[in-house]
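Me: Got a structure open here and a few quick things to ask about it. Can you walk me through some of the contacts?
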Amino acid sequence: MAEPQADEASLEQQLNATSLSSSLTLDQKFAIVRSIGEECIQEDELRNLLDKKPEPVCYDGFEPSGRMHIAQGVMKAINVNKLTSAGCRVKIWIADWFAKLNNKMGGDLKKIETVGNYFIEIWKAVGMDLEGGKVEFLWSSKEINARADEYWPLVLDIAQKNNLKRILRCSQIMGRSEQDELTAAQIFYPCMQCADIFYLKADICQLGMDQRKVNVLAREYCDDIKRKNKPIILSHHMLPGLLQGQEKMSKSDLSSSIFMEDEEADVNVKIKKAYCPPQIVEGNPCLEYIKYLVLPWFHEFTVERSESNGGNKTFKTFEELTAAYESGEVHPGDLKPALSKALNKILEPVRQHFKNDKNARELLKKIKLTAAYESGEVHPGDLKPALSKALNKILEPVRQHFKNDKNARELLKKIKENFQILGNSFFLECSILFLQQYSVLYYHRQRLFFFHFEALSNVT
């Protein structure tokens, strides 16, 4: 069978058969939307919503933090495209204020904004269907400020109707536990996330299983305020890390995560080292990646082998693949190269986007350095020598100028002598030295050397 072509088989094309949501039956819409969730609370409510409302509003959100792994990138694109193909509108909440509350990127909103823009670039590149206005990216800081008089009373009401113990049970949504020492900001976080659902007028909460508790809190709040129409919870599966025993993919463990801009060789090495026990399906991350990423993308999975090893074999369903794997017909040595090849085909448009688009390339540079330091990949012992080397390169022309130019050398001598009579005014001395060095750089660029130094030579 011919190989699927990744650059031709975009998600939009894959879902083309069901893209005209108006022509879908209720059963078809329900099947598409329900397929996203590992759990749905409640199915009868979902069916009724799809029957009564032509364009249900789905809410998804994320904290901009670090590099994007494949679960955030590919899986979200698959899920969003399924939802829009079934007629839903999707509001993606860029939770910049929440990232600050949770101390992501050191709580620096500028860095958080950079990461948010980087995420959007990836979803555009990987094939999230953004045409037609059915997908909106909303920055929480801007949206909340725009209708603060509506948002904050809602947050306060949720806080008032719940005790601290109930709110602490939601700490999992921030990647924390109830036993962690939380800041007051982090305790307030679940009340805000619960409010987001109502503020965005969401019919469906389409988030990961790790966000389930706060979504349930939103349904409980509906009971408190006697609201009949509760938000439907559609919780998607959490992809595991690639190493044994990792229930959730983690950005902090670089060997356990495939990132959206990883090079082909990086993907190959990570999959080669991944946990993939022969004939065991349960807890096998390689098989999960095929189930949740490769099969929804290509609708088939092809294992390439020599004729002596059984020849090529194409699987159309996950059940076919797991049966062959459990029987030993497919070996990890067959599965892993095929998985690497499929993932690399999905990721190639993203790599090309970040290589060829200047704005995307600059965003990635900023993200990689910060993410590497926060993950521990780069240690202060590595960072400091590199920083010293870079600064010394910048300053070397200044040093050489003062060594080789007689006039500059005399001026520097006079300034140093003048400094001595200033006593121990350290900060003033540093300020003047900074102006002195800046003026040399200015001289090299503008040839206006004497303007600064004549002024400095008169300091007494």
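Me: Which residues are linked with R67 in a network of salt bridges?
Reply: R67, E261, D262 and K270 are linked in that network. A salt bridge here is a side-chain nitrogen of Lys or Arg within 4 Å of a carboxyl oxygen of Asp or Glu. This is a predicted model, so local features need pLDDT of at least 70, side-chain atom pairs count only at pLDDT 80 or more, and totals for chains, interfaces and linings use all residues. Residues are numbered from 1 along each chain as its sequence is written, and side-chain values use heavy atoms, with hydrogens and water left out.

Me: What ring does the charged end of R67 sit over?
Reply: That of F259, with the charged end 4.3 Å from the ring centre. The charged end of R47 also sits over a ring, that of F30, at 4.5 Å from its centre. The rule for this is NZ of Lys or CZ of Arg within 6 Å of the ring centre and within 35 degrees of the ring normal.

Me: Back to salt bridges. How many does the count come to?
Reply: By that rule, 24 salt bridges. One of them joins the side chains of D203 and K53, at 2.8 Å from N to O. That pair links distant parts of the chain, 150 residues apart: D203 is in the loop between α10 and β5 (204-208), and K53 is in the loop between α3 (43-52) and β2 (57-62). Helices (H or I, at least four residues) and strands (E, at least two) are DSSP runs, numbered from the N terminus.

Me: Is D203 buried or exposed?
Reply: Buried, at 17% relative accessibility. K53 counts as partly exposed, at 32%. The cut-offs are under 20% relative accessible area for buried, over 50% for exposed and partly exposed in between (1.4 Å probe, protein chains only).

Me: What does E304 form a salt bridge with?
Reply: With K341, the closest N and O atoms being 3.1 Å apart. E304 is in the loop between β7 (301-303) and β8 (313-315), while K341 is in helix α15 (residues 332-356), 37 residues apart. E304 is partly exposed at 41% relative accessibility, and K341 is partly exposed at 35%.

Me: And R305, which residue does its side chain meet in a salt bridge?
Reply: D334, at 3.7 Å from N to O. R305 lies in the loop between β7 and β8 and D334 in helix α15, so the pair ties together parts 29 residues apart in sequence. R305 is buried at 12% relative accessibility, and D334 is buried at 16%.

Me: What does the side chain of D196 make a polar contact with?
Reply: The side chain of Y151, at 2.9 Å. A polar contact is a pair of N or O atoms within 3.5 Å; within protein, one must be able to donate a hydrogen and the other to accept it, and residues adjacent in sequence count only if both atoms are side-chain atoms.

Me: How many aromatic pairs are there?
Reply: The count comes to 12. In one, the rings of Y151 and W152 have centres 5.0 Å apart and planes at 85 degrees, so the pair is edge-to-face. Rings of Phe, Tyr and Trp (its six-membered ring) pair if their centres lie within 6.5 Å; planes under 30 degrees apart count as stacked, over 60 as edge-to-face and the rest as tilted. Y151 is buried at 0% relative accessible area, whereas W152 is partly exposed at 27%.

Me: Which residues form an aromatic cluster?
Reply: F62, Y118, F119, W123, F137 and F354 form one. The buried residues of α6 include Y118, F119 and W123.

Me: Last one: where does Q42 lie?
Reply: In the loop between β1 (39-41) and α3. The peptide bond from I41 to Q42 is cis, with omega near 0 degrees. Most peptide bonds are trans.
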